[in-house]
Amino acid sequence: MGIKLHEVSFAYYVPKSKKKPIHFTLKDINIDINSRDEFIGLVGHTGSGKSTLVQLLNALYLPTKGEIDIFGNVITYKSKIKLKPIRKTVGLVFQFPEYQIFEDTVLKDIMFGPKNFGIENPEQVAREVAEILGISDLLDRSPFNLSGGQMRKVAIAGILASKPEILILDEPTAGLDPLTKIEFLEFLKELNEKHHKSIIIITHDMDIVSKYLKRVLVLKQGNLMFDGPKNKLFENEKLLQTCHLDYPKMIRIMKALKEKLNLDINIYKYTPEEAFAEIKRVVGENNE
Ligand SMILES: Nc1ncnc2c1ncn2[C@@H]1O[C@H](COP(=O)(O)OP(=O)(O)OP(=O)(O)O)[C@@H](O)[C@H]1O
Ligand SMILES: [Mg+2]
């Protein structure tokens, strides 16, 4: 179980005349996402198709070509499928959270999902999730008068309260202050490690990729250029350049040390501790 994309292409507009070319936003994508234990980063230049792809993963869009199997529901261009079970199984927090907020209080908004999906005690679940995200004090407020970061948390709470099998978040840390960002990522990490939840995050932040994520998908102009462990991506300088991606901060520092001080170090270190041990190893050797 999980989500499988087989040769999936997607176009926002398909001309009626077969003679006119179709502009595909996503091209021949194959991806296999497990229902448990995944912590995936979806990265790529702006306009590469990330938000479009995640909207295919919970059937907001249907593939123009190919098929998507979402927990046993096979979706093609022509499918007539029941969307409710899919939306319950695959929770998507949009890039712009205001799009998915519509009730007149925060509490009602968070309760909407669990109520709609028949989850027991929706109010209690909503309050629990609000507590975890630190927004209990906002529950009686109108969601439309909140800051961007608060709105994002309300949208995230609404999706979490529906208890999806797979959680997808489109740039979830945009608009969050640095401390809240770390708290939130730690919360997702716990959800992944302790509760085995599969999580997909769209991000432009390579430090998030290097610190938290296990697997990375890279899109470039609608093509899937890479699917694998993060270290394999960061060790492929050419691919990073082709896809307009940066190194994480730690590798950037190690690279600068290597080049400027002419140190023969392995630059692919992801934490300050690892980096320190590597520098010590080389400096120690030089001193001898
Ligand atoms: N509703 C739409 N109708 C037509 N074209 C669209 C629509 N939404 C997106 N596109 C186009 O599809 C392409 C991919 O857009 P998408 O939003 O998926 O990119 P993205 O990788 O999420 O970018 P960003 O990092 O800026 O959020 C872009 O060329 C965009 O202009
Ligand atoms: Mg986007």
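## Reading the terms on this model

Trainee: Why does Val106 count as buried?

Mentor: Val106 has a relative accessibility of 0%, and buried means under 20% relative accessible area, with exposed over 50% and partly exposed in between (1.4 Å probe, protein chains only), so Val106 counts as buried. The model is predicted, so that local features need pLDDT of at least 70 and side-chain atom pairs count only at pLDDT 80 or more, whereas totals for chains, interfaces and linings use all residues. Side-chain values use heavy atoms, leaving out hydrogens and water, residues are numbered from 1 along each chain as its sequence is written, and chains are lettered from A and ligands numbered from 1 in the order in which they are written.

Trainee: Which residues does Val106 touch, not counting residues up to four places away in sequence?

Mentor: With contact taken as heavy atoms within 4.5 Å, Val106 touches Leu138, Leu139, Arg141, Ser142, Pro143, Leu146 and Val154. Val106 itself lies in helix α3, residues 106-116, where a helix is a DSSP run of H or I with at least four residues, a strand is a run of E with at least two, and both are numbered from the N terminus.

Trainee: What makes α1 mostly covered?

Mentor: Eight of the eight residues of α1 are buried, namely Lys50, Ser51, Thr52, Leu53, Val54, Gln55, Leu56 and Leu57. Helix α1 (residues 50-57) lies across β1 (2-10), β2 and β4 and runs at about 125° to β1, an angle taken between N-to-C directions on a scale from 0 to 180 degrees, with axes fitted to C-alpha atoms and, for helices, over the stretch in contact.

Trainee: What are the order and pairing of the open sheet of four strands?

Mentor: The order is β2-β1-β4-β5 with antiparallel pairing, two strands being called paired if DSSP finds at least two bridges between them. β2 (26-34) and β5 are the edge strands, each pairing on one side only, and neighbouring strands are turned by 10° against each other on average, direction ignored. Five bridges join β1 to β4 in the antiparallel sense, and three bridges join β4 (residues 65-70) to β5, also antiparallel.

Trainee: Why is Asp69 called partly exposed?

Mentor: Its relative accessible area is 24%, so Asp69 falls in the partly exposed class. Asp69 lies in strand β4, where Lys4 stands opposite Asp69, and in β5 its bridge partner is Val74.

Trainee: What makes the pair of Lys4 and Asp32 a salt bridge?

Mentor: A salt bridge needs a side-chain nitrogen of Lys or Arg within 4 Å of a carboxyl oxygen of Asp or Glu, and the closest N and O atoms of Lys4 and Asp32 are 3.6 Å apart. Lys4 lies in strand β1 and Asp32 in strand β2, so the pair ties together parts that are 28 residues apart in sequence. Lys4, at 46% relative accessibility, counts as partly exposed, and Asp32, at 37%, is also partly exposed.

Trainee: How many salt bridges does the structure hold?

Mentor: There are 12 salt bridges; one of them joins the side chains of Asp205 and Lys181, at 3.1 Å from N to O. That pair links distant parts of the chain, with Asp205 in the loop between β8 and α7 (206-212) and Lys181 in helix α6, 24 residues apart. In another, Lys255 and Glu237 have their closest N and O atoms 3.6 Å apart, with Lys255 in helix α10 (residues 249-260) and Glu237 in helix α9 (residues 237-242), 18 residues apart.

Trainee: Why does Lys255 count as buried?

Mentor: Lys255 has a relative accessibility of 18%, so it counts as buried, whereas Glu237, at 35%, is partly exposed.

Trainee: What makes β6 and β10 stand at the edges?

Mentor: The six strands form an open sheet of mixed pairing in the order β6-β7-β8-β3-β9-β10. β6 (90-93) and β10 (223-229) each have a single partner strand, so one side of each is left without a neighbour in the sheet. Neighbouring strands here are turned by 15° against each other on average, direction ignored. β6 pairs with β7 (residues 166-170) in the parallel sense over four bridges, and in β7 the bridge partner of Leu92 is Ile168. Helix α5 (residues 148-161) packs on the sheet, touching β6 and β7, and its direction makes about 175° with that of β6.
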